[in-house]
Amino acid sequence: MPYRCRECGYQSPKWLGRCPRCGKWETFEESRGAMPEGGGGEPPRPLPEIPTPSGERLATGLPEVDRVLGGLVPGAVVLFGGEPGVGKSTLLLQLAGRLASRHGVVLYVSGEEAVAQVKLRAERLGIAEPSLYLQSEQELLPIVRAVEELDPAVLVVDSLQTVLARPDGGEIGGLVQVREAAAQLSRLAKGLGMVTFLVSHITKGGEFAGPKTVEHLVDVTVQLEGVRESELRLLRCVKNRFGSTAEVAVLQMGPSGLTEVANPSLFFVSQDREPKPGAAVVPVLEGSRTLLVEIQALTAPGSGFGPPQRRTAGLDLNRTSVLLAVIEKYLGVHVRAMDVYLAVAGGLEVREPAADLGVCAAILGSVRGRAIPSDTVVVGEVGLSGEVRPVRRGPERLQEVAKLGFSRAVAPKGPLPKRLSLDVVQVQTLSQAMDALELG
Ligand code: TYD
Ligand code: MG
């Protein structure tokens with residue numbers, strides 16, 4: 001790093017008029033002596049003498065996305081993962097456009113597509129920001145040169161797996177190249193105070209291929225996930241040095257790219273909400289947000305030949321088997337020989353034990369041919385001895401349920417929020433819960 005701010009010691013590969021860290025003007029001077037690369041060489045200083053970084057945070061203006069990103073400070077490096085085709089390039093181009101209109105120059109580098117292709121997509125997305133620069137490049141050196149020339153507020157590298165960081169680093173997309181690219185790009189980002197998005201493909205198994213090994217180099221890791229057979233996408237934060245990791249944004253892929261879903265809480269329950277036997281509405285948590293999902297069950301007498309059919313979509317099959325055994329034992333309902341099919345409407349994956357009671361209610365509803373009233377939700381974990389246990393953030397869920405216009409909840413015993421406009425039937429056992437739902 002040849003230049004250094006004499007006020008705060010900030011280092012940069014080029015001379016800057018204003019220090020991005022302490023905000024002082026004309027403080028950059030050539031640093032003398034060999035400075036180890038990578039921001040080393042700063043002497044220790046007493047805490048009060050270190051200038052507080054400016055509170056400036058970059059925002060895209062999409063509240064859902066900004067909530068997940070947690071407000072990006074200058075120099076932040078964001079690893080942006082997702083399976084191929086999920087919409088990473090689309091969303092990042094949209095974010096690049098929005099950031100360019102609010103924060104100045106943004107450089108979007110694609111190693112996978114020609115600029116003409118990216119331009120076509122930008123047109124389709126209605127992006128025409130003059131401060132958005134496109135570059136089609138795989139080699140790191142020209143990317144760094146472009147950064148030094150443009151001094152962008154934001155850099156997008158799409159993707160990390162297409163960067164050729166060193167000629168002797170083996171095949172492109174290989175571990176050495178990916179690691180080296182991430183290391184050099186995050187060093188550049190820190191040195192210039194430039195927010196950097198590094199796109200990274202995730203394989204089907206959900207692992208970052210290679211980039212799992214670069215996670216320690218980045219400040220924020222987000223993942224764009226598809227929702228089974230739907231246009232819905234969840235942008236989930238898995239690591240955040242600047243904010244909460246609990247946040248999830250619900251987005252929808254359409255002809256003009258990804259848009260925010262107006263009312264995600266109610267997105268997963270059918271709009272008519274006609275009471276149907278075998279359906280139960282459950283408040284589940286996605287990050288800090290309560291989503292209402294409809295769990296659907298279909299039971300039928302087994303054929304008698306071989307083991308009964310058990311199928312689930314969006315629910316854990318093992319958990320379902322346990323719940324069927326609990327129903328058999330504590331309610332005396334003979335589900336053992338029945339074929340049981342379970343699904344979460346709308347394609348969401350529900351892994352929370354808080355959905356147990358809803359799963360049981362849906363199964364019982366189907367067995368009895370009786371519907372749960374459409375103004376009622378069911379929540380609670382079911383234990384092996386047939387007891388109903390409290391759930392994480394139970395009061396918050398009920399608060400949200402009330403806000404969304406439901407009037408009744410069957411829930412575990414426990415503290416309730418004050419002034420709750422919801423009739424809560426508190427239960428301690430599965431059998432009490434089924435009685436309350438008139439499924440007993
Ligand atoms: P893409 O962003 O290329 O995915 P990734 O970079 O994660 O591999 O998007 C892939 C899909 O998105 C592609 O099948 C087309 C679809 N798409 C839309 O539905 N609407 C749009 O406006 C755009 C640009 C893409
Ligand atoms: Mg892409």
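A nitrogen atom of ligand 1 sits 2.8 Å from a polar backbone atom of glycine 254 in this predicted model. This is a polar contact, a term for a pair of N or O atoms within 3.5 Å; within protein, one must be able to donate a hydrogen and the other to accept it, and residues adjacent in sequence count only if both atoms are side-chain atoms. Two further glycines make backbone contacts to ligand 1, as the table shows.

| Glycine atom | Ligand 1 atom | Distance |
|---|---|---|
| Glycine 87, backbone N or O | oxygen | 3.0 Å |
| Glycine 254, polar backbone atom | nitrogen | 2.8 Å |
| Glycine 257, polar backbone atom | oxygen | 2.9 Å |

On its own, ligand 1 exposes 560 Å², and the protein buries 72% of that. Accessible areas come from the Shrake-Rupley method with a 1.4 Å probe, and for residues only the protein chains shown count as cover.

The shell around ligand 1 has 16 residues, of which the closest are Gly85, Lys88, Ser89, Thr90 and Gly254; a residue belongs if one of its heavy atoms lies within 4 Å. By type, five of the shell residues are nonpolar, seven polar and four charged. Here Ala, Val, Leu, Ile, Met, Phe, Trp, Tyr, Cys and Pro count as nonpolar, Asp, Glu, Lys and Arg as charged, and the others, Gly among them, as polar. Which element gives the most to this shell? Helix 2 does, with three residues. Helix 2, helix 3 (115-124) and strand 11 (248-254) each supply at least two. Helices (H or I, at least four residues) and strands (E, at least two) are DSSP runs numbered from the N terminus.

Helix 2 spans residues 88-103 and also holds leucine 95. With a relative accessible area of 1%, leucine 95 is buried, a label for values under 20%, while exposed means over 50% and partly exposed lies in between (1.4 Å probe, protein chains only). Leaving aside residues up to four places away in sequence, leucine 95 touches Thr60, Leu62 and Val65, where contact means heavy atoms within 4.5 Å.

Now to the aromatic rings: the structure holds one aromatic pair. The ring centres of phenylalanine 80 and phenylalanine 197 are 6.4 Å apart and their planes meet at 65°, so the pair is edge-to-face. Rings of Phe, Tyr and Trp (its six-membered ring) pair if their centres lie within 6.5 Å; planes under 30 degrees apart count as stacked, over 60 as edge-to-face and the rest as tilted. Because phenylalanine 80 lies in strand 4 (residues 77-82) and phenylalanine 197 in strand 8 (residues 195-201), the pair ties together parts 117 residues apart in sequence. Both phenylalanine 80 and phenylalanine 197 are buried.

Threonine 162 belongs to the loop between strand 7 (154-158) and helix 5 (175-192). Is threonine 162 buried or exposed? At 13% relative accessibility, threonine 162 counts as buried. A polar atom of its side chain lies 2.8 Å from the backbone oxygen of serine 159. Beyond residues up to four places away in sequence, threonine 162 touches Gly111, Glu112, Gln138 and Ile172.

Stepping back, the protein has nine helices and 21 strands. Of its 440 residues, 50% count as buried.

A note on conventions: residues are numbered from 1 along each chain as its sequence is written, and chains are lettered from A and ligands numbered from 1 in the order in which they are written. In this predicted model, local features need pLDDT of at least 70, side-chain atom pairs count only at pLDDT 80 or more, and totals for chains, interfaces and linings use all residues, while side-chain values use heavy atoms, with hydrogens and water left out.
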